[in-house]
Amino acid sequence: MSDVVFKVPNHLRRGNVKHNQLESVNQGVALIKLMAREFGLQDLGQSRVLDMGCGCKLVQAFKQEDLPLGEYVGVDVFPDLIEFLQNEVDDPRFHFQYLNSHNAMYNPEGEPLSENTRLQLDEESFDIICLFSVFTHLAPHDYVAMLKMLRRYVKPGGRIIFSLFLNEATEGGHAFWDGVVRDWTENQEKIFGGKDEFIESVQDDEPVDFLDWDPSQPLKWAIYSRKNALRLVEGTGWEVESLNDPVDIIQHYMICRPI
Ligand SMILES: C[S@@+](CC[C@H](N)C(=O)[O-])C[C@H]1O[C@@H](n2cnc3c(N)ncnc32)[C@H](O)[C@@H]1O
């Protein structure tokens, strides 16, 4: 792939590949293709997409490969990024909105997210709602609030897809824990008393419902048990269609449909 077509200054970028725009764009292209595949589409040319916690990865990816797109709305709690995208993306298919909702890691001064939080968007108007690396930073009450709040905006027959950290090691995946084990630190040695004990604990049948992995960096790693991740969807207006193992560009990811 050639150089990045639509560049975003590094100080407006978040996530683990923020200093490598090309890598980030490649991931974005792969995520768009994954969504098309999962939803049985050739591409997203006819889809209206709501990207919550959008960052800039998907917009850069659409631009990079001129990928087909119906319409895209990106929402984020990062005002400078949203302003930049509103000013610099000169394409009527793309829209960006700032939302001042609280997140312990990204927007600690924001207003609490609730099922009554409103986006300035038409209800029941999106085919696809996606959140990549957003539930990975949500506390359980926001996990539920986010699902309930977004339910309003999906078309009947639409889908939501989101990545999350599950408290389980997955063979061959780039699961969160693989990285933890690889980058084992003294701090983790102190918490878990040794690598072997730790590996045993994540292979446990009954991991804790929720773990804020590094309390010194609140919600940097929001880790759920599989059971809890599924249970928290109940009563939100969605039902789980699939909970998928990680693949190279994404952690575990869930797909739900509206009920
Ligand atoms: C790790 S970044 C991921 C960005 C992008 N989705 C990606 O895959 O590159 C998490 C993003 O979620 C945004 N965010 C966090 N909490 C949010 C919330 N409650 N509502 C909307 N966006 C949120 C952050 O500002 C940040 O841009």
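**Cores and rings**

Me: How many residues does the largest nonpolar core have?
Reply: Inside this core, the residues with the most contacts are Met35, Leu58, Phe62, Tyr72, Leu85 and Ile161. The model is predicted, with local features needing pLDDT of at least 70 and side-chain atom pairs pLDDT 80 or more, while totals for chains, interfaces and linings use all residues. A nonpolar core joins buried Ala, Val, Leu, Ile, Met, Phe, Trp, Tyr and Cys through side-chain atoms within 4.5 Å, and the largest one here has 38 residues.

Me: Which element gives the most to this core?
Reply: At least two residues each come from α1 (21-38), β1, α2, β2, α3 (79-88), β3 (94-98), β4 (126-131) and β9 (252-258). These are DSSP runs numbered from the N terminus (helices H or I, at least four residues; strands E, at least two). With seven residues, the biggest contribution is that of α1.

Me: How many residues are in the second, separate core?
Reply: Among its members are Val73, Leu150, Tyr224 and Leu232. Residues are numbered from 1 along each chain as its sequence is written, and side-chain values use heavy atoms, without hydrogens or water. The second core comprises 37 residues.

Me: What is the angle between the planes of phenylalanine 62 and tyrosine 72?
Reply: The whole structure holds twelve aromatic pairs (Phe, Tyr or six-membered Trp rings, centres within 6.5 Å; planes under 30 degrees stacked, over 60 edge-to-face, the rest tilted). This one links distant parts of the chain, from phenylalanine 62 in helix α2 (residues 57-65) to tyrosine 72 in strand β2 (residues 69-76), ten residues apart. The centres lie 6.2 Å apart, and the edge-to-face angle is 70 degrees.

Me: Which ring does the charged end of arginine 48 sit over?
Reply: Arginine 48 belongs to strand β1 (residues 44-52). Leaving out residues up to four places away in sequence, arginine 48 touches (heavy atoms within 4.5 Å) Glu71, Val73, Ser125, Phe126, Asp127 and Ile128. A charge sits over a ring if NZ of Lys or CZ of Arg is within 6 Å of the centre and within 35 degrees of the ring normal. For arginine 48 the distance is 4.3 Å, and the ring is that of phenylalanine 126.

Definitions and conventions
Buried < 20%, exposed > 50% of the residue type's maximum accessible area, 1.4 Å probe, protein only.
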